Amino acid sequence: MADDAIDYMTRIHQTDPSKPIFIKYAPGATHAPHHPTKEWVDKVRAMKLFAGGYEKLREEIFENQKRLGVIPKDTKLAPWPKEMLKPWNQLTADEKKLFIRQVEVFAAYAMYSDYEIGRVIQHFQDLGKLDNTLVIYINGDNGTSAEGGPIGTPNEVAFFNGVQVPVDVQMKFYDAWGTEGTYNHMSAGWSWAFDTPFSWFKQNASTLGGTNQNMVVSWPARIKDKGALREQFVHVIDVVPTILEAAGIKAPAAVDGIKQAPIEGTSFLYTFDAANARAPQKHKTQYFEMMGQWALYDDGWFLSTKVNRAPWEAFGPANPDPLNNQTLELYNLNTDFSQTTDLAAKYPQKVKEMKAKFIAEARKYQVFPLDASVAARIVAPRPNITAGRTEFVYTRPMVGLPQGDSPFILNSSYTVTADVEVPAGGAEGMMVTSGGRFAGYGFYLLKGKPVFLWNLVDLERVKWESPEALPPGRHTVEFDFRYDGLGAGTLAFNNFSGIGRPGAGTLKVNGKVVDTKKMERTLPMILQWDESFDIGSDTLTGVNDADYKPPFPLTAKLNKLTIKIDRPQLSPADIKKLEAAMTEKAKRD
């Protein structure tokens, strides 16, 4: 990615050295999976940064922040959340070994990314342009992500399907951690430490640990007090107005004849001048909201909902009234930098006023209706080109179809039928697949034998296989799955009982049953999202490395492939029962 950016800069410069260069460089780091090169992992491991554990790391970061002057000297550090994240001295030897491996890979990923960004900045210098280049560097992904849960995971797709991988199983991936063999994420203990001096994580939008990031700005020709600190409130929506003001460009009123919405941020260009180092902030009010957790910043005061869900607690019933069914907390960030002293009981009128202001901001910026669901929204029906369709027909190979535009067969009964012609000498290859190494399914010919396989988040594979290869000629191969559950319709009632249920699959060749098997569990939520739906071959990773290597092209002729989906429908009795359960839960809450 850095190479591409450098090449782009060079081409622009060589074509017209006077032409301004604009680059938005946004790498995947440090979002999961954490995939640095071995070189960087080895560098971090040699540094032995994490042997003392995550609490010690947090304390070291805190002391360094105070020493550097980037946080006030009187900043408080909240107690370690020992009920949620096991203290380091209570971990087993395997847990410590695994967690250190996890964080070393994460740190290597951050360092690797930082180095590559440095190469891009250096190229501005090499072109003689750095002095008059505005660089805005923001490091982070909201707060640090905790979607690995308390013990981490070798496969984030497992997390999004509600599966926690035990430590002894994770240890089997120890050597492969951070390579293409894992979709890895670290223990949330490290995430809490990396959010120092704040608490909580990404997804917790009502906390500074879920929203506060560091930012470094460089513009040598304009900013003269190098290394100085600015403490005015700034939000990411302020970046565009700042760039426009710095470049002397007005935001367009219309683009291609389409009227544009007004830019909603506030330029922080004024902070570049040393004389304005302590000037009053211009961005005074800002709402935050994510998955029903919300907050309002208002000129130093911070109203927030008390955190009621850790990021890995994504599969329970959602708060039915996230606006009002909340405990509200109030902080004065002018004197309480790390959001540790709740003043709500002391200033109830302030709480009331700020909640009203949040509601006004939420209405203004189309935040309503609030939705506290997490995992449920992944499978919630939404408008797309497959919505409502129950039959899909394909008559020639096609690859690269995104998950959202392909048949969604989870939590349903379905039948996949392939009409193929096998040439003399036999055939092999992929007929249809969706997903990949970390979750998905494939219907293929393996040494001529029809196979249907489900990859259950790389922890289990369920396989139906014909005992015999298809002889030359035309054949109909069918896989039929009967789902034993109420389906995704239960989610409308804040109920997960209909998803991820068992089912039975039957493999047929020319109408004859050749294999039948029951799945005790099915994927409830999602396949591997960065893999596509492919017909006639398999792009990127395969669903079973033991059977084949992509692209595994189909050498038989595919005449037609049909997918029919029979989604469960709730009966009146089902609906009545689900409504009663939802009402009862609302009373308890």
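The exercises below work through selected features of this predicted model.

**Exercise 1. Determine how strand β17 is paired and whether it is enclosed or open.**

Step 1. Take the pairing with β16. Strand β16 covers residues 473–483 and pairs with β17 in the antiparallel sense, over 7 bridges. Within this pairing, V509 of β17 stands opposite V477.

Step 2. Take the pairing with β18. Strand β18 covers residues 512–519; it runs antiparallel to β17 and is joined to β17 by 7 bridges. Here T506 has T516 of β18 as its bridge partner.

Step 3. Inspect the turn. β17 and β18 make a hairpin, with 2 residues between the strands. One turn residue, N510, has a positive phi of about 50 degrees.

Step 4. Keep the general rule in mind. Side chains in a regular strand alternate between the two faces of the sheet.

**Exercise 2. Examine salt bridges, starting from the count for the whole structure.**

Step 1. A search of the whole structure gives 22 salt bridges. Three of them follow.

Step 2. Take R119 and E116. Their closest N and O atoms are 2.7 Å apart. Both residues belong to helix α4, residues 93–126. They are 3 residues apart, about one turn of the helix.

Step 3. R119 is partly exposed, at a relative accessible area of 26%. E116 is buried, at 15%.

Step 4. D3 joins E116 and R119 in a network of salt bridges.

Step 5. Take D371 and R377. Their side chains form a salt bridge with an N to O distance of 3.6 Å. D371 is partly exposed, with a relative accessible area of 36%. R377 is partly exposed as well, with 28%.

Step 6. Take K508 and E478. This salt bridge has an N to O distance of 3.8 Å. It links distant parts of the chain: K508 lies in strand β17 and E478 in strand β16, 30 residues apart. K508 is partly exposed, with a relative accessible area of 26%.

**Exercise 3. Work out which side of helix α9 is buried and what packs against it.**

Step 1. Check the span. Helix α9, residues 348–364, has 17 residues. From first C-alpha to last, α9 reaches 25 Å, close to the 24 Å expected at 1.5 Å a residue.

Step 2. Name the buried residues. In α9 they are V351, M354, F358, I359, E361 and A362.

Step 3. Exposed K352, R363 and K364 lie on the face of α9 turned away from the buried side.

Step 4. Find the packing partners. The buried residues of α9 pack against β5 (285–290), β6 (293–298), β7 (301–305) and β8 (328–332).

Step 5. Look past the helix. Q366 follows α9 and has a positive phi, near 60 degrees.

**Exercise 4. Describe the setting of P197.**

Step 1. Locate the residue. P197 is in the loop between α7 (188–194) and β2 (214–218).

Step 2. P197 is buried: its relative accessible area is 3%.

Step 3. Compare sequence and space. P197 and F62 are 135 residues apart along the chain, yet their C-alpha atoms are separated by 6.1 Å.

Step 4. List the contacts, leaving out residues up to four places away in sequence. P197 touches F62, Q65, I71, T75, K76, L77, F337 and S338.

Technical notes
Residues are numbered from 1 along each chain as its sequence is written. This is a predicted model: local features need pLDDT of at least 70, side-chain atom pairs count only at pLDDT 80 or more; totals for chains, interfaces and linings use all residues. Side-chain values use heavy atoms; hydrogens and water are left out. Buried means under 20% relative accessible area, exposed over 50%, partly exposed in between (1.4 Å probe, protein chains only). Helices (H or I, at least four residues) and strands (E, at least two) are DSSP runs, numbered from the N terminus. Two strands pair if DSSP finds at least two bridges between them. A salt bridge is a side-chain nitrogen of Lys or Arg within 4 Å of a carboxyl oxygen of Asp or Glu. The expected span of a helix is 1.5 Å times one less than its number of residues. The arc is that of the directions from the helix axis to the C-beta atoms. Contact means heavy atoms within 4.5 Å.
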